[in-house]
Amino acid sequence: MPVSKAVFVTFLIGLIVFCERLFPFAVFSRRKPGKLIHIFERFIPPLVMTGLLIYSLRDVRFEAISQWVPQVSAIAFTVITYLWKKNSLVSIFGGTIIYMILIRII
């Protein structure tokens, strides 16, 4: 692919992403969001987290302890840390670190 075409495609994708990010501000800057938006705001994050949890545990086998302890320990650490500190970054990074350490040790 020529450099000019790559630059054009990159610019075009950047413009599309910018417009996607601008859209909610342009639509809701002069009026309040409707009830449907509030429903999405309330229920979508837990649904996404549940989907990610199911996705991350889909290949876990419970035959041997080394196959499920890292995943379950990291998830438990993430949940407990979030409930304790209410800080998503600390709990997510901590759970990731716990998982990476455990898969190397066990």
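**Contacts, fold and pocket**

Mentor: Let's begin with contacts, meaning heavy atoms within 4.5 Å. Among contacts in the chain between residues at least 6 apart in sequence, 32% join residues at least 24 apart.

Trainee: What should I know before reading on?
Mentor: This is a predicted model, where local features need pLDDT of at least 70, side-chain atom pairs count only at pLDDT 80 or more, and totals for chains, interfaces and linings use all residues. Residues are numbered from 1 along each chain as its sequence is written, and side-chain values use heavy atoms, with hydrogens and water left out.

Trainee: What is the mean pLDDT of the chain?
Mentor: It is 88, and 100% of the residues reach 70 or more. pLDDT is the predictor's confidence in each residue, from 0 to 100.

Trainee: And where is confidence lowest?
Mentor: In helix α2 (residues 35–56), at a mean of 85. Helix α1 (residues 3–28) is highest, at 93.

Trainee: How many helices and strands does the chain have?
Mentor: Four helices and zero strands. Both are DSSP runs, numbered from the N terminus: helices are H or I with at least four residues, strands E with at least two.

Trainee: Is the chain compact or spread out?
Mentor: Its radius of gyration is 21 Å, well over the 13 Å that the globule rule gives for 106 residues, so the chain is more spread out than a compact globule. The radius is taken over C-alpha atoms, and the rule is 2.2 Å times the number of residues to the power 0.38.

Trainee: What share of the residues is buried?
Mentor: Buried residues make up 9% of the 106. Buried means under 20% relative accessible area, exposed over 50%, partly exposed in between (1.4 Å probe, protein chains only).

Trainee: New topic: T81. Buried or exposed?
Mentor: T81 is buried, with a relative accessible area of 7%. T81 sits in helix α3 (residues 65–85).

Trainee: Which residues does T81 contact?
Mentor: Leaving aside neighbours within four places in sequence, T81 is in contact with K86, V90 and S91.

Trainee: How much space lies in the largest pocket?
Mentor: About 730 Å³. Of the 19 residues that line the largest pocket, the closest to its centre are M49, L53, I75, T78 and I92.

Trainee: Which element gives the largest share of that lining?
Mentor: That is α3, with seven residues.

Definitions and conventions
On a 1 Å grid over the protein atoms alone, a cavity is a set of points where a 1.4 Å probe fits but cannot get out, and a pocket is an open set with protein on both sides within 12 Å along at least five of seven lines; lining residues have an atom within 4 Å of a point. Grid points are joined across faces, edges and corners, and a volume is the space filled by probe spheres set on the points.
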